[in-house]
Amino acid sequence: MKLGRVDFPLPDMPRLGVAAFRNRIVFHLVFIALALATLALALALLNEERQRNAQRYEQTFAKSLAEVVAQLRHPSGQLALMNPEPAQVEAGWVAPLLLPFAAIDFDDATKAQRAVEMAGCALQYPGGASLCTAVGSNAYAGGFVYLVAGLDAPPLVSRERGTLDLADVHRVRISLKRDGAEQYWLAPVEMLDAQRGQLPGFTVNEAGNTATLPHKARPQRDFRGWVWREGPCLSTAEPCPRRTTVSIRLPVEAFREALFRPGGPQWPPADLSRTGLRLALLGPGGTVLFDSSSAAAQAPLSLARLSGTLAPGETLRITRGSNVVALLQGADETGTPPSPWLTALIQHLPAPATPRTLQARDSVTTPAGRFDITLSGDLQGLDRSLSASAARLAWPVGAMLGSIALAWLIIEMGLIRRVAMLTKRAAALSHQLQSPERFELGTLDVADLRGRDELGILAGSLSDLLQHARDSLRREQLRAEREHDQWHAVGHEIMSPLQSLMLLHGSEADPSRRYVQRMQQAVKVLYGQASPSEALAAATLAVGRLDLDAFLRQVAGNAAYAGIADVAYTPSEPAWVQADEYPLEDAITHVLTNADRHRVAGTPITLSLRVEGELSIIDLHNQGPQIADDQLTRIFDYGVSDAEPENGQRRGQGLFVAKTYLAKMGGSIAARNVADGVVFEIALRRS
């Protein structure tokens, strides 16, 4: 007999003690401790690195100032100190610089070149050309501007003395712009020999490619210039280019006037940074060999470039007396920007033990006076640098924490949570079994816990064992109910013929009447004390192989003799089932009787046979009123009927007897509504 699934609701979950969750709590604490240990390790390494950085920075701080001061004490550094203001001239003009020594020995090529290299005052042009435009630091050396240029040039075409037309010779053109006024000089090349020549300077009144000197022009007395061609040929081309140096001392009348101003000489001139100069070397035909207004010239060393030598967070303060000459800040490291939250975290770490700020002082003495140098360091800059570095290392730490979280999630969702669910359901089931009020074996639903792992196999095995026990308990319950109802059915079946005997022996004088009455009394005693299920359970069925097709033909043919007319069966193929012929006929007859009572007059009752898997199913259809949905299963219970009692006998036994007989044969019966009536399905196992 195949039983349907019967589910009993579980009672409320009983309160479990801490011991029931101890392993789960330990599991969570272990993963929390592992995550905290990973974070603690990362913070400890970060704190240790911060401490090392602070100690290293403290040890090298004074050395950093010494390197800056050494750079400033060099002539190129003094040049930057003495010329802190940027040039205030238009593009294409060069402002002269104040030299860290009195003057340039422009009459000697070697000394002039060495002075330019030491001072670092030269502008560097693409192609190797350079130009230093400067004034001496000593006012009494005269109001002169020194121009020293170096370039690669071919042999120079010299001017003959007295020649006014300079179109076919090499010449130097110089322009001076000051206070909106401009002055111009033209200096032709007069070679003294193959390596050396002089540059007499003539004042002209116009700019551009002037190539003709005024009539009776005389060189300016204080204008001095030289040109030197030195070294080997720079290429195999002809004519042979050589390294050429141009050295000029240019008199500036305005600078001379500043020397004799009331109250003493003013040096350097106040408008030095606003004075602009241009120098160009022109060749025959007006070709330009060099022009200082060319773009992309690299400026000499300035104080702003010292910012690149400062570490992040450092400040370099340069003062001259009470005047602040420069205030430079160390630039933050390029690359990964520091994380604000990581920087805040680093600043809250206990390290370092060194002071938060450091300061060192020194001074540099130049011809222009004494400059005080103060270097201040703030560890906050180190924190930002460490934050930028730590941001790159945050990914491995994040990956470790992510791996821990993923492992926790897999174990929690795949094992611990399932164990907790199984524990709660098993505890609820155990609590129900221990209830003294009512004993019911509930359902342990583990459909969501089944699987091929150890827990899934365990949960499935427990569920299968509980299902087997529940099926056995239900069978016992059904057996007891059937036994109880069977005796009622037996009493009903016996009372009917006894009632007929009472009619045959109706006379009070009939001696048989007494015995019939005694038999009725005995049946009533059994009827009240025993159950029909006990009587039906005591009956033994001889289950064997039965051709259901032939059997149904016989049942349809004999239905009329049982008082059920117009029963039709559509023949089918032989279908062998496991059944007992006489109880099966009794069960089908009870169903036919019920269908005959409810069918529409004049309509047939049809029988049909179909096979589904391991079952052979009989469909018994009658046209008539449908059964209420809530009664489709209850009509097979004992005593359930919508018909009034007949001759004092209750109804609702036929379908109960049919269900009981079919269950003993391993079959089942069910009813369903169709459009024009009701169909009863009787299922038997195939043999």
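Begin by selecting H10, which lies across E19, E21, E22 and strand E24 (677-685) and runs at about 160 degrees to E19; helices (H or I, at least four residues) and strands (E, at least two) are DSSP runs, numbered from the N terminus, and angles run from 0 to 180 degrees between N-to-C directions, with axes as lines fitted to C-alpha atoms, for helices over the stretch in contact. This is a predicted model, in which local features need pLDDT of at least 70 and side-chain atom pairs count only at pLDDT 80 or more, while totals for chains, interfaces and linings use all residues. Residues are numbered from 1 along each chain as its sequence is written, and side-chain values use heavy atoms, with hydrogens and water left out.

On the H10 side the contact (heavy atoms within 4.5 Å) is made by Leu-548, Phe-551, Leu-552, Gln-554 and Val-555, and on the H11 side by Glu-581, Leu-584, Glu-585, Ile-588 and Leu-592.

Now select the open sheet of five strands, whose order is E19-E21-E22-E24-E23, with mixed pairing; two strands pair if DSSP finds at least two bridges between them. Its edge strands, each pairing on one side only, are strand E19 (567-569) and strand E23 (668-674), and the twist averages 25 degrees from one strand to the next.

Finally, select strand E21 (residues 605-612) and strand E22 (residues 615-623), which run antiparallel and are joined by eight bridges; here Val-611 stands opposite Ser-616 in E22.
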